[in-house]
Amino acid sequence: MTERKPPGVSFETFVDRQIREAAARGDFEDLPGYGKPLASLDAPYDELWWVKGKLHDEGFAVLPPALALRKEAEDALETALAARSERQLRAVLTDVNEKIRTALRRPPPGPPLNLTEFDVEAVLRTWRERGDRSPGRAGTGSGPA
């Protein structure tokens with residue numbers, strides 16, 4: 001049971017004493033992150049930090065599913081064009097194409113998807129022409145609209 005603040009003792013003094021006694025007992029030593037710096041210590045202040053953290057912890061996306069898939073498709077194209085092998089390029093595009101196919105069959109809530117599947121052979125031709133494997137986008141005429 002929590003100890004009650006005795007009358008005549010300031011709240012700050014009462015809390016400080018409880019924290020000092022708990023630290024002496026070692027109550028804070030088994031906490032996750034003990035002895036590690038706070039990750040957000042150098043980040044600019046965001047008054048909604050706890051909301052964003054809760055959404056992240058619960059697995060909620062900030063973007064609607066259609067926009068998240070558009071972003072994923074854009075990132076997949078960049079990853080594919082920077083691939084070190086044809087097999088890796090095909091694997092990345094096959095994976096994202098399956099997600100696009102699924103979304104086209106059952107459109108997600110939110111804004112229109114505005115995506116078509118990537119033409120793997122067209123992206124592969126662009127990839128072969130570039131030859132330098134540096135990241136970037138190529139005008140394949142397919143993929144994110």
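Student: Which residues of helix 4 are buried?
Tutor: Buried means under 20% relative accessible area, exposed over 50% and partly exposed in between (1.4 Å probe, protein chains only). In helix 4, that label goes to Leu89, Val92, Leu93, Val96, Asn97, Ile100 and Ala103. They cover an arc of only 125° around the axis, so they lie on the same side of helix 4; the arc is that of the directions from the helix axis to the C-beta atoms. Helices here are DSSP runs (H or I, at least four residues), numbered from the N terminus.

Tutor: Before we go on, this is a predicted model: local features need pLDDT of at least 70, side-chain atom pairs count only at pLDDT 80 or more, and totals for chains, interfaces and linings use all residues. Residues are numbered from 1 along each chain as its sequence is written, and side-chain values use heavy atoms, leaving out hydrogens and water.

Student: What do the buried residues of helix 4 pack against?
Tutor: Contact means heavy atoms within 4.5 Å. The buried residues of helix 4 pack against helix 3 (65–81) and helix 5 (120–130). On the face turned away from the buried side, helix 4 carries the exposed residues Arg87 and Arg105.

Student: Where is Phe28, and how does its accessibility count?
Tutor: Phe28 sits in the loop between helix 1 (11–25) and helix 2 (49–58). Its relative accessibility is 35%, so Phe28 counts as partly exposed.

Student: How many helices and strands does the protein have?
Tutor: There are five helices and zero strands, and 22% of the 145 residues count as buried.

Technical notes: Helix = DSSP H or I, 4+ residues; strand = E, 2+ residues; numbered from the N terminus.
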